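Hi,

Here is the structure I promised to pass on. Have a look at it first, and my notes on what turned up follow below.

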Amino acid sequence: MKFERIEINHMVEPMGYQFPELLIQGFVSGSNYDDLQKDLEIKQFTNIIYQSGWQRATDLCFQLTDLKLTPKTRYVVTMRLKDGADHQWQVETWFETGLMTQQLAGEWIGTSHSDLHGIELVKQFNVPQGVQQARLYVTGLGLYEVYLDGMKVGSEYLAPGFTNYSYYTQLATHDVSASLATAGQHELVVRLADGWYRGKLGLNERGGIAANYGNALMTNAELDYQGIDGIAHRVITDHTWVARLSPVTHSGLYYGEDYDVTQTDTKVPVTTFEQPSKYVVDRLSLPITTHERLAVKKVIRTNHGDTVLDFGQNFAGWVIFKDRLVKGTKIQIEFGEIMQNSEFYRENLRSARATFTYVSDGKGNTVRPHFTYFGFRYARLVNFSEVDPDDFQGIALYSDMRTIGAIETDQPLVNRFFKNVQWGQKSNFMDVPTDCPQRDERLGWTGDAQIFAKTASYNMDTYQFFTKYSFDMAVEQSLHQGKVTLYAPAVGQDDGGKAVWSDATTIIPWTMYERTGDAIILTQRFGAMASWVDWIHDRATSKGHPFLWLGDDQLGDWLALDTDDIMHLKGRTPDDLIASAYYYYSASIVAKAATVLGKQPEQDYYQNMADNVKQAFLNEFFTKTGRFITDTQTALALCLNLGLFPENQTKKMTAQLIQTIEKNQNHLTTGFVGTPQLLPALSSNQAHGVAVALFLNQGFPGWLYEVAHGATTIWERWDSVEPDGTINDNGMNSLNHYSAGAVMQWAYEYLVGIQQSDAGRVLTINPGITPEFRHVNGQTEINNGVVKVDWQLLNSAGSKVEIHTTIPFGIQARLQLPRATEYLINGQKYRNGDLLAAGEYVFTYVPATPFLAQFSVHTQLEKYCQDADLTRQLSKLVPFWSFLALPGNMEKFEKYSLLQLSSEMRGIGFKPFNQQDIQTINQVFTNAASRHVQEEEQHHA
C-alpha cells in the first residue's frame, strides 16, 4: 500500500481560504488494505489542538465542524495509518488561515484619474534584519499582480478572480518570507488594470459596458513580517505610497492588452477610497495558473501575406515570446480559432478586439500578457521582422484543478473527442465556468455549468471550483429575491428565473455531494437551493398552477435541431414541459439534501412538493390512456431519466425514443437540454447498442462529426462548421464551448461502467461492453483513491472478455457483467451483483452470447445493402423488400433502418414487424456476422 497524500477541503496545502468546516481526507493506493486503522493529529505551532486517537478506518476522512481556528495561523496536519500486521504509514501536510473575520489594516488606495487603464502603486521600505516569517495579505480592483523587488509574488494570474465586486472581493494570502530574508531596502509594487471590475463586459450592449462595478483602480495590502529578533513589523497601503503609470497601458478581457515597456516612469496622485465592496473576505477561488505549454505546430504564410502560428490546439491563455526586436518596435498578435480558405479568420469573435500589442525595449526579455487571456488556436503576427517558431509558446491558463479522470479506447476519433471535452473544460473554467473564451461574452452561464457539472467532476477535482461558483449564484439570488440569474456574476443583468439555467443552484451542489460524499457544500447552499424552489412555487402559484410551471418565457431546448422557432434558437420540446420537469427535479434534490442534513420538516415539505409536481406533470403531459403529448427526443429522454411517466411505461417510452432517433435517420436532434439526457436514457433502458451507434455516428449532426472536421474542442452548435469547412456565419458561433461535451458523463458511467450511488459510498462496476469497441479503459477519483475499469474483447468473435478493475479503499463495488450470471476471479466464484472488496482484479469471462459486431433491425440500410448474400436472405423475410428493390428506392431510403421502414410502410399496405419478425431478422444478421468472423479467421490462419 502507498499513502499518497492528504487533502484539506479538496485542496493540497491551502493558504488563506475560507474554512467554515474541515474535511481532511487521505488518499492511498494498492492491492491490499488489511484491517487499516487511522489517527489524525492537528497542531497549532507545537500545541496539539486535535487528536482523534486510533480508530478503525472504514474511510480516510475526518470531518471537523467545531474546531476553533484563529486568523493568520498555520496548522500542521498529520495522518497516521497502520494495518493488522502493524505496518505503519504517516503523511504530514498543512493549511493556513487568512484574516478570517479581521479587517485589512491598510487603506484602499489608487488614483482618481479615470482615463488611466493601468497604474502601479509602489512602496519602498527597509528591513533592518532578515525575516523569519512574512505574509502578504492583498487584494485589488480590477485585476492585480504583486511584485517584490521586481519578482512576481505567487503563481496566480487574473487575481482576485471574477465576483460581484459590489457584494464581495476576495483576499489572497502569500508567503513572502524567502523574498525578505535579506536585510536592506525592498520595493513592493502592485500593478493594476481594468479586468472584470472596470473593463467592458456583459451583454447589455454589444461589446459590453465599461465600469459595471466601479471606475477607479485600487488596492489594499498588508505585509506582516517578523524579524529574526522576533519583533513584528507591518507595511500597509496608505497615503505614503507612490502611484505611477504602468507599462500595461490598456487591458481588457475582450480588448486584449497594450504593453509598452518603454513607458516613462510618470507619477500620478494617490487617492484613498472607501471600501468598494460590501465584504472583503478570504478567498474561495482556486488560483488561475499556467498549465500546458504548447509549441508552434506550423508557421503559415497566407496568400494575403500574413504570418500565422498554428498551435494545433484550441485553448485559452496566452502566446509568450522571446523579444528579439529593436528598441521602440511595436508589434501585435491577433488571435483566432479557425482558418478560412487558407486565410486567418476571426469574425466569430464579434466585437472582441482580442489583440496583444507590445513596444520593445530591446533587452531580449520573454514577453507575456498580464491582465487578459485569449481563446485561440491560431495567432497572426504583425510587424515581426523575422519569425523563429522556437521563440513562441502557447500557455494554457485555467483554474488550478487537478486532473483525476480520463478515458481511452481503441478508436482514435473517440479518443480525440474525449480530449476535446477536457480541453473545452480547461478553456472555460476560468474562475467561473464561462460559455466561451474567445468572443465578447465569457460569462458564467448557469445552464452550461449545470449540464456539464458531473462530467467536469469526473475529469478534474472541481469541488472547490464549484463551491465558489455556487456562492456566486447565491449572491445573485440574495439580490433578486431567490431568483437565479442567467449567469453569475450577473454583471448588471437581472434576467433569469429560467428552467435548466437557474436550476444550477440546486443541481451543482447536489452533484458535488453525489460525487464526493462531502456535505459541506449542501450545508452552505441549502438556503439558496430551497429559495430557488420556493421562487418557482410562488411563480407557479401566481399563475394559477402551483405544481406546474407554465406560461413563462424560457430558453427551452436551446440550439436544438428539431426547431420550429423562427430564429432557430430552441427546439420543438414544449417550454412548459421542460420547466415543469425541472421544477420536479429541483424540488426532489432539495428534499434529498434536507435528508442528508437531517432537516426532517424541510424534507417532508419539499418531497411532498415534488410528489405533487410529478402528479400534476403526468396529468398535464400524458393523456388518460398514457399517451405522451410530444415525440421529441429531448422530452422522451428527459422524462425517462427523471421517472416522469406513468407506471409500467418504461418500455413504451424507450421504444418511442428509439423510433424518433430512427425516424431522423439515426441522428440526434437535441439541444442544451436533451443532449446530456439522450444516451443515458437509452443505455439505462436496455438500448445501449442504440446509444453507442448514435455516439459513434460521424455524420451530421453528432459528436464525432466535429472531430472528423478538425475540432480540437467542443463546438457551440452542431453545425458550427459546415461539411466543406466553412464556419457557420450566424453571429453566435464559438468553437470552444463545453456543454455538448456532457456526453462524457455517459461514457464514464455507461461505456467504462463506473456508476456511483449513495454519495459515492456504493459503487457499481457495470462495463458497457459492446462490439463497436474492442478496448475501453477509464478511471476517475472517488473517495479515498482512484477507481479504474479496463475491458477488452480478446477475440473477433466476442466470446472472451478480459476485465481489469481497481476499487479504491473504503469502497465495496458491485460487479455487474453483461451477458453473464456468474464468473471466476482468482478461482473464487462470484455472481452478478456480488460485492468486491477494495483492491485490484484481473480476470476473463465467457459471455452467454458473444459480443459480435453485427447489424440489426436498427441499422441503417446503407451499412449493408451492398452485401448480396445478406440482402438475398433478408428479401425472403422482409415483406417490403421488393418495394425497396425497385429502381431508385434503395438510394431514397438507405438512411433508414428496417424497423423504422416497417413502421412507415403501413401507409402503402405492408404489415409492421412483430416481435417474432424482429428476432428472426436479427438472427439472420447474427448468422451473417458469425460467418464473416469465421471467414476472417480462416483467412488469417
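**What I found**

Gln-659 sits in helix H10 (residues 650-663); helices here are DSSP runs of H or I of at least four residues, strands are runs of E of at least two, and both are numbered from the N terminus. A word on the source: this is a predicted model, where local features need pLDDT of at least 70 and side-chain atom pairs count only at pLDDT 80 or more, while totals for chains, interfaces and linings use all residues. Residues are numbered from 1 along each chain as its sequence is written, and side-chain values use heavy atoms, with hydrogens and water left out.

Back to Gln-659. With a relative accessible area of 34%, Gln-659 is partly exposed (buried is under 20%, exposed is over 50%, partly exposed is in between, with a 1.4 Å probe and protein chains only). Not counting residues up to four places away in sequence, Gln-659 touches Gln-900 and Ser-903, where contact means heavy atoms within 4.5 Å. Ser-897 is 238 residues from Gln-659 in sequence, yet their C-alpha atoms are 9.9 Å apart in space.

Now for helix H9 (residues 633-642), where you'll find Thr-634. Nine of the ten residues of H9 are buried, including Thr-634, Leu-636, Cys-639 and Leu-642. What covers them includes H7, helix H8 (600-621), H10 and helix H11 (675-683). Thr-634 has 1% relative accessibility, so it counts as buried. Its contacts, leaving aside neighbours within four places in sequence, are Asp-557, Thr-573, Thr-670, Gly-671, Val-673 and Gly-674. Just after H9, Gly-643 takes a positive phi of about 70°.

Which residues have the most contacts inside the largest nonpolar core? They are Ile-24, Ile-333, Phe-417, Leu-679, Leu-682 and Phe-695, in a core of 236 residues. (A nonpolar core is a set of buried Ala, Val, Leu, Ile, Met, Phe, Trp, Tyr and Cys residues joined through side-chain atoms within 4.5 Å.) Helix H7 (residues 575-596) gives this core its largest share, 13 residues. Another core, of 30 residues, lies apart from it, with Leu-116, Val-127, Leu-136 and Ala-172 among them. As for Leu-682, its contacts beyond four places in sequence include Leu-657, Ile-661, His-688 and Leu-694.

- The peptide bond from Ala-159 to Pro-160 is cis, with omega near 10°; Pro-160 lies in the loop between strand S14 (151-152) and strand S15 (168-175).
- Phe-700 to Pro-701 is also a cis peptide bond, with omega near -5°, and Pro-701 is in the loop between helix H12 (688-696) and helix H13 (703-708).
- Asn-341 has a positive phi, near 55°, without being a glycine; Asn-341 is exposed, with a relative accessible area of 75%.
- Val-491, not a glycine either, has a positive phi of about 50°; Val-491 counts as buried at 2% relative accessibility.

Finally, the overall picture. The protein has 19 helices and 47 strands. Its radius of gyration is 30 Å, close to the 30 Å that the globule rule gives for 941 residues, so the protein is as compact as a globular protein of that length (the radius is taken over C-alpha atoms, and the rule is 2.2 Å times the number of residues to the power 0.38). Of the 941 residues, 60% count as buried.

Cheers
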